[in-house]
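Student: I would like to go through this structure with you. Could we begin with a loop and then move on to the sheet and the core?
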Amino acid sequence: MSSAQLYDSIGATYTVTRRTEPRIAAKVWAALGDARTVLNVGAGTGSYEPPDRDVTAVEPSAVMRAQRPADAAPCVAAAAESLPFEDQSFDAAMAFATIHHWQDPIAGLREMRRVARRVVVFTHDTSDTGWRHRFWLTRDYLPEVTGLLVGRPSLTELARAIGARMEPVLIPWDCADGFFEAYWRRPEGYLDENVRRGVSVWARVGPDAEQRAVHRLRNDLASGRWAERNRDLVDLDAAELGLRLLIA
């Protein structure tokens, strides 16, 4: 299933829980440097688009495009691997939490590099097996996530494709954007179906795995088992769970 098909099927309530997290946005926008014209690839509903720059968006899903605010940047229906722009058309190109959906991430990144002088990508280090053990949701409840990563390019390969450096991005405990790892210190969030519907991972692992994970988590929260297992998280203000910026 392509990213457009996936979000056409699950994206109808995306804006209920997915929105810009200011502390993460600040890192993304700083990485854009002095760019005035910005292409946002896999733009979704418009989160993280810098308000003080001339933005053009690219989004293949009609359902996602329809949820963009009336005053959002103009949006083109296209895929990352074939951007309909001339070489060096933009000062910078950005992509936020999207490249894991692309059919060919390397090709998409090279397209971004072709059309822009600077590239900023927010993604995840899926080649780091450590995060699967650090993040209790994948470790204890949803091991199927590991299977979703098979055959995907490593972070090193992605960075090498565009000559990018890597910077870690910590997740604040009260993260406003409800992406997959956002509720690491607020486990009750994963019991909310609206939260799960806003994260593609749940759709991709399938309903059986989802309901099993939710059932076990609900029971462990009620019994105190989750709190016992994860007592080290209580005093953390931010967590390192493999999120990265690629900057080229």
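Student: Which backbone nitrogen does the side chain of Ser61 reach at 3.4 Å?

Tutor: At that distance the side chain of Ser61 reaches the backbone nitrogen of Val63. This is a polar contact, meaning a pair of N or O atoms within 3.5 Å; within protein, one must be able to donate a hydrogen and the other to accept it, and residues adjacent in sequence count only if both atoms are side-chain atoms. The Ser61 side chain also reaches the backbone nitrogen of Met64, at 3.3 Å. Please note that the model is predicted: local features need pLDDT of at least 70, side-chain atom pairs count only at pLDDT 80 or more, and totals for chains, interfaces and linings use all residues. Residues are numbered from 1 along each chain as its sequence is written, and side-chain values use heavy atoms, with hydrogens and water left out.

Student: Where is Ser61, and is it buried or exposed?

Tutor: Ser61 sits in the loop between strand S2 (54–58) and helix H3 (62–66). Helices (H or I, at least four residues) and strands (E, at least two) are DSSP runs, numbered from the N terminus. Ser61 is buried, with a relative accessible area of 0%. Buried means under 20% relative accessible area, exposed over 50%, and partly exposed in between (1.4 Å probe, protein chains only).

Student: On to the sheet. What is the strand order?

Tutor: The order is S3-S2-S1-S4-S5-S9-S6, in an open sheet of seven strands with mixed pairing. Strands pair if DSSP finds at least two bridges between them. Strand S3 (75–76) and strand S6 (165–168) are at the edges with a single partner strand each, so one side of each has no neighbour in the sheet.

Student: How does S5 pair with S4 and with S9?

Tutor: S5 pairs with S4 in the parallel sense over six bridges, and Val121 of S5 is the bridge partner of Ala95. S5 and S9 run antiparallel and are joined by five bridges, with Leu245 in S9 as the bridge partner of Phe122. Seven of the nine residues of S5 are buried.

Student: Which helix lies between S4 and S5 in the β-α-β unit?

Tutor: Helix H4 (residues 105–115) makes a right-handed β-α-β unit with S4 and S5. Right-handed means that, with the strands pointing away from the viewer, the path from the first strand over the helix to the second runs clockwise.

Student: And the core: which residues touch the most other members?

Tutor: In the largest nonpolar core, of 46 residues, they are Ile24, Trp136, Leu142 and Phe180. Such a core is a set of buried Ala, Val, Leu, Ile, Met, Phe, Trp, Tyr and Cys residues joined through side-chain atoms within 4.5 Å. The largest share of this core, four residues, comes from H2.

Student: What is Phe180 in contact with beyond its neighbours within four places in sequence?

Tutor: Its partners include Phe135, Leu142, Tyr190 and Trp202, where contact means heavy atoms within 4.5 Å.

Student: Last topic: which loops hold Tyr48 and Gln88?

Tutor: Tyr48 is in the loop between S1 and S2, and Gln88 is in the loop between S3 and S4. Most residues other than glycine have a negative phi. Tyr48, however, has a positive phi of about 75°, and phi of Gln88 is near 55°. Tyr48 counts as buried at 1% relative accessibility, whereas Gln88 is partly exposed at 37%.
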